[in-house]
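Subject: Structure handed over, with notes on its ligand site, pockets and cavities

Hello,

I am passing a structure on to you, and my notes follow below it. Please keep it open while you read.

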Amino acid sequence: MAYRAEYLWIDGSEPTREIRSKTKILADGEDPGLWGYDGSSTNQATGDNSDVVIKPVFQCPDPTRGENDILVLCETLLPADMSPHPTNTRAVAAASLARFADQAPIFGLEQEFTLINPATGWPAGFPPNGFPAPQGPYYCGVGSLKIHGRDLIEEHTLACIQAGLAISGTNAEVMPGQWEFQIGPVDTVTVGDHLWVARYLLFRLAEDHGVEVSFEAKPMPGDWNGAGMHTNFSTKAMREGPYENIVAACEAMGALGKPEEHIDAYGVGIEDRLTGVHETQRFDQFSYGVSDRGASIRIPWQVAKEGKGYIEDRRPNANADPYVVSSLVTDTICAALS
Ligand code: ADP
Ligand code: MN
Ligand code: MN
Ligand code: MN
């Protein structure tokens with residue numbers, strides 16, 4: 001029987017890229033091949049030269065459809081010479097991984113997000129007039145007064161497992177209506193592939209629940225936590241120790257010019273989120289420390305104790321492109337450790 005392949009690709013929206021998709025019906029036994037779309041509708045081409053080619057690079061079962069249906073994540077290519085489209089950040093991540101594959105870089109990304117009530121435009125759990133009780137009880141909380149949208153989260157987690165994604169956990173976050181899931185630990189390219197597909201599934205399933213998903217970095221101004229994409233990273237040398245390798249990785253991230261380069265690539269609105277309060281370091285300062293959630297980079301306590309493991313870059317925004325973050329972190333740390 002014919003089956004459905006949902007082709008997914010990353011568009012050229014500014015300042016934050018979005019995921020797009022469309023359906024291709026494939027004959028029984030037919031594999032998904034090259035396809036194309038109208039790049040003039042995705043900020044990736046002009047109307048007189050509008051075709052963008054999509055090339056399948058990762059596929060998995062589609063848990064929102066039937067047993068034989070699949071999701072097909074694609075890279076975008078220019079039809080003239082089949083080279084990567086300028087907005088194709090996955091190609092950059094693949095090049096970075098190829099350069100440093102001998103160091104076996106791996107990532108765990110913590111994707112935070114906010115569920116928005118479309119009727120009010122406010123985060124789920126915020127009353128139409130006024131504010132909920134201050135932050136404190138919501139993080140990892142339970143109960144109807146604290147938790148909003150858990151049905152969707154449960155469905156999404158199950159869908160990620162059924163799709164075979166490397167989802168490693170979920171939790172309710174500090175602000176009401178805010179949640180997190182984690183993808184990893186997997187390599188520089190795979191972490192972006194799985195995170196983008198997990199984002200697609202979240203948006204898709206949220207349609208059925210009448211809620212919107214926001215990756216905005218600071219959806220509520222004031223005394224409410226922002227939404228980040230903490231980036232946990234290690235190489236073989238960091239996982240094996242000694243502790244000097246962990247310190248060298250932190251120092252590489254703080255080298256001259258590097259903090260600015262990374263902040264520029266970590267998502268729009270980062271100045272509003274990295275204020276120095278709400279468990280962040282200021283965007284214009286760099287620091288690292290053991291167990292320090294007010295530092296740019298946290299070294300988990302077990303890592304300090306065992307003298308090996310990974311580090312957590314706490315700066316990337318929820319709205320960052322995972323391929324951009326993973327390629328930059330790989331380049332900065334692996335170049336210094338090689
Ligand atoms: P937090 O305490 O900051 O909330 P989480 O448990 O949410 O931490 O996320 C930790 C992430 O770190 C997980 O995605 C996990 O897969 C990842 N991780 C664990 N070990 C490593 C490692 N050696 N290298 C990279 N990432 C790792
Ligand atoms: Mn977390
Ligand atoms: Mn978190
Ligand atoms: Mn974290």
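Which of the 16 residues around ligand 1 come nearest? They are Glu110, Glu180, Ser234, Arg298 and Glu312, where a residue counts as near if one of its heavy atoms lies within 4 Å of the molecule.

Before going further, please note that this is a predicted model, in which local features need pLDDT of at least 70 and side-chain atom pairs count only at pLDDT 80 or more, while totals for chains, interfaces and linings use all residues. Residues are numbered from 1 along each chain as its sequence is written, chains are lettered from A and ligands numbered from 1 in the order in which they are written, and side-chain values use heavy atoms, with hydrogens and water left out.

**The ligand**

Polar contacts here are pairs of N or O atoms within 3.5 Å. A polar side-chain atom of Ser234 lies 2.8 Å from a nitrogen atom of ligand 1, and an N or O atom in the side chain of Arg298 is 3.0 Å from an oxygen atom of the ligand. Gly184 takes part through its backbone, with an N or O atom 3.5 Å from an oxygen atom of ligand 1. On its own, ligand 1 has 590 Å² of accessible area (Shrake-Rupley method, 1.4 Å probe), of which the protein covers 75%.

The shell around ligand 1 divides into five nonpolar, six polar and five charged residues; in this scheme Ala, Val, Leu, Ile, Met, Phe, Trp, Tyr, Cys and Pro are nonpolar, Asp, Glu, Lys and Arg are charged, and the others, Gly among them, are polar.

**The pockets**

Ligand 1 takes up the space of the largest pocket, and a molecule is said to sit in a pocket or cavity if more than half of its atoms lie within 2 Å of its grid points. A pocket is found on a 1 Å grid over the protein atoms alone, as an open set of points with protein on both sides within 12 Å along at least five of seven lines, whereas a cavity is a set of points where a 1.4 Å probe fits but cannot get out; lining residues have an atom within 4 Å of a point.

The largest pocket holds about 680 Å³ of space, a volume being the space filled by probe spheres set on the points, which are joined across faces, edges and corners. Its lining has 41 residues, and Glu110, His230, Arg293, Arg298 and Glu312 lie nearest its centre. By class, this lining has 11 nonpolar, 18 polar and 12 charged residues.

The second largest pocket has a volume of about 550 Å³, and of its 26 lining residues Pro15, Thr16, Arg17, Val268 and Asn319 are the closest to its centre. Helix 3 (190-209) gives the most to this lining, with three residues; helices (H or I, at least four residues) and strands (E, at least two) are DSSP runs, numbered from the N terminus.

**The cavities**

How many cavities of 30 Å³ or more does a search of the whole structure find? The search finds two. The largest cavity has a volume of about 100 Å³, and its lining includes Ile10, Trp196 and Tyr323. Strand 5 (70-77) supplies the largest share of that lining, four residues. The second largest cavity has a volume of about 40 Å³, and among the residues that line it are Tyr138, His148 and Trp179.

Best wishes

Conventions. A polar contact is a pair of N or O atoms within 3.5 Å; within protein, one must be able to donate a hydrogen and the other to accept it, and residues adjacent in sequence count only if both atoms are side-chain atoms.
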